[in-house]
Amino acid sequence: MKSGFIAVLGRPNVGKSSLVNALVGEKVSIVSPKAQTTRNRITGILTTDAYQMVFSDTPGIHAARTRLGEYMDACVKYSLIGADAVVIVFDALKKPSPVDFALLEKHLKNSPPVYLVFNKIDLTSYEKLYPVLSAFAAYAKPDGARAAVKEIVPLSARSGRNVDVLKNALIAELKEGVLYYPPDAYTDRPERFMIAELVREKALLFLNDEIPHGIGVAVQDMRYDEHGTAHIRIDLFAERDSHKAIIIGEGGEMLRRINTHARQDIEKLLGCKVYTETFVKIRRDWRNRPNIMGDVGYDLKDEH
Ligand SMILES: Nc1nc2c(ncn2[C@@H]2O[C@H](COP(=O)(O)OP(=O)(O)O)[C@@H](O)[C@H]2O)c(=O)[nH]1
Ligand SMILES: [Mg+2]
């Protein structure tokens with residue numbers, strides 16, 4: 001049996017979480033068109049008869065402006081500890097910037113081996129992709145202080161095209177070893193965390209602008225009744241009164257919408273009927289208050 005740890009890194013919104021979900025074949029990590037959707041290191045596990053690959057999905061690399069941002073950066077660093085390979089994801093539609101090259105060079109100077117992914121090829125053509133790829137061609141060769149990129153894979157996490165090419169390339173980095181997780185596990189995150197994330201995903205989808213970035217979600221209580229229905233009490237934390245009003249919406253319309261869509265996903269996750277009760281609470285400036293961050297699921301103690 002072979003196994004290994006693979007860190008998935010990149011700037012916000014390039015499709016890291018979508019890629020981890022596609023590799024694992026399960027919804028491990030929430031996805032949205034907004035930047036900074038992923039706030040923790042999320043483990044996605046793929047086990048076959050021959051191997052176990054443990055992926056770390058990570059928050060997008062960005063300039064941290066809050067304590068939460070610093071926590072997110074720390075999660076990226078933790079994902080590299082003990083990693084057997086690093087996958088750096090780029091958006092195939094975007095012209096590579098100096099920040100992209102700097103990110104790549106930094107990782108080529110430190111082992112483990114680096115794989116490059118150009119995601120979202122379903123939205124582009126070979127003619128447009130070619131110049132983007134050729135800008136990285138020099139990295140296919142070692143150059144004094146830095147190693148070469150092991151493989152460059154253009155793919156689509158959405159359509160699934162070439163995801164297997166990446167998967168097969170990564171098998172080469174696995175080591176003879178033990179299973180780190182039971183064969184049927186696809187994440188190490190607890191159920192309550194997954195539930196809170198699904199609620200946050202819907203808030204990110206339906207709310208506009210800056211409000212979603214100030215939202216925290218915590219599952220406060222969960223129990224099953226005699227019919228096997230799960231009753232879940234959820235707190236949604238907002239940073240100010242005006243945000244609370246927007247999250248609730250006119251006549252409670254927005255909160256109902258978030259709840260209904262989240263509940264459908266939670267039912268799939270738990271495989272039973274679900275009843276949710278959601279309260280919106282104000283926690284001023286919580287993204288800078290470590291004691292509240294812990295309540296919402298962002299505590300470095302849990303990330304080692
Ligand atoms: N068209 C297309 N969109 C994608 C693909 N992968 C991700 N996306 C979209 O890009 C946005 C960001 O994806 P996400 O996985 O959350 O990115 P992350 O922030 O890097 O984790 C979402 O709207 C996704 O649906 C892809 O292969 N093709
Ligand atoms: Mg993500």
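Which element gives the largest share of the shell around ligand 1? I started my notebook with that one, and I kept in mind throughout that this is a predicted model.

**Entry 1: around the ligand**

I looked up the shell and found that helix α1, residues 16-24, supplies its largest share, three residues. In total, 21 residues surround ligand 1. I noted the closest: Gly15, Lys16, Ser17, Ser18 and Arg158. Sorting the shell by class, I got eleven polar, six nonpolar and four charged residues.

**Entry 2: the largest nonpolar core**

Next I went for the nonpolar cores. The largest has 40 residues, and Ile6, Val8, Val87, Tyr115 and Val117 have the most contacts inside it. I listed the elements that each supply at least two of its residues: β1 (2-10), α1, β2 (42-47), β3 (51-57), β4 (85-91), β5 (114-119) and α5 (163-171). Of these, β4 gives the most, with six residues.

I then picked Val8 and asked what it touches beyond its sequence neighbours up to four places away. My list for Val8 reads Lys16, Leu19, Val20, Phe55, Ser56, Asp57, Thr58, Val87 and Val89. I was pleased to meet Lys16 again here, having noted it among the residues closest to ligand 1.

**Entry 3: strand β5**

Is β5 mostly covered or mostly open? I found it mostly covered, with six of its six residues buried. Side chains in a regular strand alternate between the two faces of the sheet, and I checked how that looks here. Val114, Leu116 and Phe118 point one way from β5, while Tyr115, Val117 and Asn119 point the other way.

I also looked at its pairing with β4, which is parallel and runs over six bridges. In that pair, Asp91 stands opposite Asn119 of β5.

**Entry 4: a three-stranded sheet**

My last stop was an open sheet of three strands in the order β8-β9-β10, with mixed pairing. I marked β8 (216-224) and β10 (274-282) as the edge strands, since each pairs on one side only. From one strand to the next the twist averages 20°.

β8 pairs with β9 (residues 230-238) in the antiparallel sense, over eight bridges. Asp221 stands opposite Arg233 in β9.

Two helices pack on this sheet, and I wrote both down. Helix α6 (residues 191-206) touches β8 and β9, and its direction makes about 125° with that of β8. Helix α7 (residues 241-248) touches β9 and β10, its direction making about 155° with that of β10.

Terms used: Residues are numbered from 1 along each chain as its sequence is written. Chains are lettered from A and ligands numbered from 1 in the order in which they are written. This is a predicted model: local features need pLDDT of at least 70, side-chain atom pairs count only at pLDDT 80 or more; totals for chains, interfaces and linings use all residues. A residue is near a molecule or strand if its C-beta atom, placed from the backbone, lies within 6 Å of it. Helices (H or I, at least four residues) and strands (E, at least two) are DSSP runs, numbered from the N terminus. Ala, Val, Leu, Ile, Met, Phe, Trp, Tyr, Cys and Pro count as nonpolar, Asp, Glu, Lys and Arg as charged, and the others, Gly among them, as polar. Two strands pair if DSSP finds at least two bridges between them. Axes are lines fitted to C-alpha atoms, for helices over the stretch in contact, and angles run from 0 to 180 degrees between N-to-C directions. Two residues are in contact if their C-beta atoms, placed from the backbone, lie within 7 Å. A nonpolar core is a set of buried Ala, Val, Leu, Ile, Met, Phe, Trp, Tyr and Cys residues joined through C-beta atoms within 7 Å. A residue is buried if 20 or more other C-beta atoms lie within 10 Å of its own, exposed if 12 or fewer, and partly exposed in between; C-beta atoms are placed from the backbone.
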